[in-house]
Amino acid sequence: MAGITQDWEPVVIRKKTPTAAARKDEKAVNAARRSGAEIETIKKATAATNKSASSSTSLNTRKLDEETENLSHQKVPSELKKAIMHARQEKKLTQAQLAQLINEKPQIIQEYESGKAIPNQQIISKLERTLSVKLRGKK
């Protein structure tokens, strides 16, 4: 065992340097204060708010407040809903059966027949083909 020597150099294990987020941590700031280190604090203009830096909400909100026009969606006309209902009953179909034939949900047929749906030309054309009735335009 004459050729074996031991290395008595000290080995130093260090922690990683803190990340930017960790340096801003409240504990890290307090520790720096206690140790007498210089600390720079900056108050951001939009801190703790839900606003973007470039938003001009005051102008937009004023325009919206001044807006008086009453807007609403277009609904199914009563002639159309009656025509759909009549044609469906002539073919002896339920709302669910008609919906299945045109590959839509039964709720869609229900909304069209109650007049609550927003008219969709694709659905109306499917109904026309399936029920063999003209629902749009002049009769």
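## Ground rules

The model is predicted, so local features need pLDDT of at least 70 and side-chain atom pairs count only at pLDDT 80 or more, while totals for chains, interfaces and linings use all residues. Residues are numbered from 1 along each chain as its sequence is written, and side-chain values use heavy atoms, with hydrogens and water left out.

Helices here are DSSP runs (H or I, at least four residues), numbered from the N terminus. Two packed helices are described by the angle between their axes and the distance between the axes. The axes are lines fitted to C-alpha atoms over the stretch in contact, with angles from 0 to 180 degrees between N-to-C directions.

Take H4 and H6: their axes sit 7 Å apart at an angle of about 125 degrees. Lys-81, Ile-84, Met-85 and Arg-88 of H4 meet Tyr-112, Glu-113 and Ser-114 of H6, where contact means heavy atoms within 4.5 Å. By class, that gives 3 nonpolar, 1 polar and 3 charged residues; Ala, Val, Leu, Ile, Met, Phe, Trp, Tyr, Cys and Pro count as nonpolar, Asp, Glu, Lys and Arg as charged, and the others, Gly among them, as polar.

H4 and H7 cross at roughly 30 degrees, and their axes come within 10 Å, so these two are roughly parallel. On the H4 side the contact uses Leu-80, Ile-84, Ala-87 and Arg-88, and on the H7 side Ile-124, Leu-127 and Leu-131. The class count here is 6 nonpolar, no polar and 1 charged.

## Glu-113, tucked away

Glu-113 belongs to helix H6 (residues 106-114). It counts as buried because its relative accessibility is 7%, and the cut-off for buried is under 20% (exposed is over 50%, partly exposed in between; 1.4 Å probe, protein chains only). Its side chain makes a polar contact of 2.5 Å with that of Arg-88, a term for N or O atoms within 3.5 Å, one able to donate a hydrogen and the other to accept it; residues adjacent in sequence count only if both atoms are side-chain atoms.

Beyond four places in sequence, Glu-113 also touches residues including Lys-81 and Gln-95.

## Two positive phi values

Most residues other than glycine have a negative phi. Lys-92, though, has a positive phi of about 55 degrees; this lysine is in the loop between H4 (78-90) and H5 (95-101) and is exposed at 72%. Ser-132 has a positive phi of about 50 degrees. This serine lies in the segment after H7 (121-131) and is exposed at 57%.

Notes:
Parallel < 35°, antiparallel > 145°, perpendicular 65-115°, else oblique.
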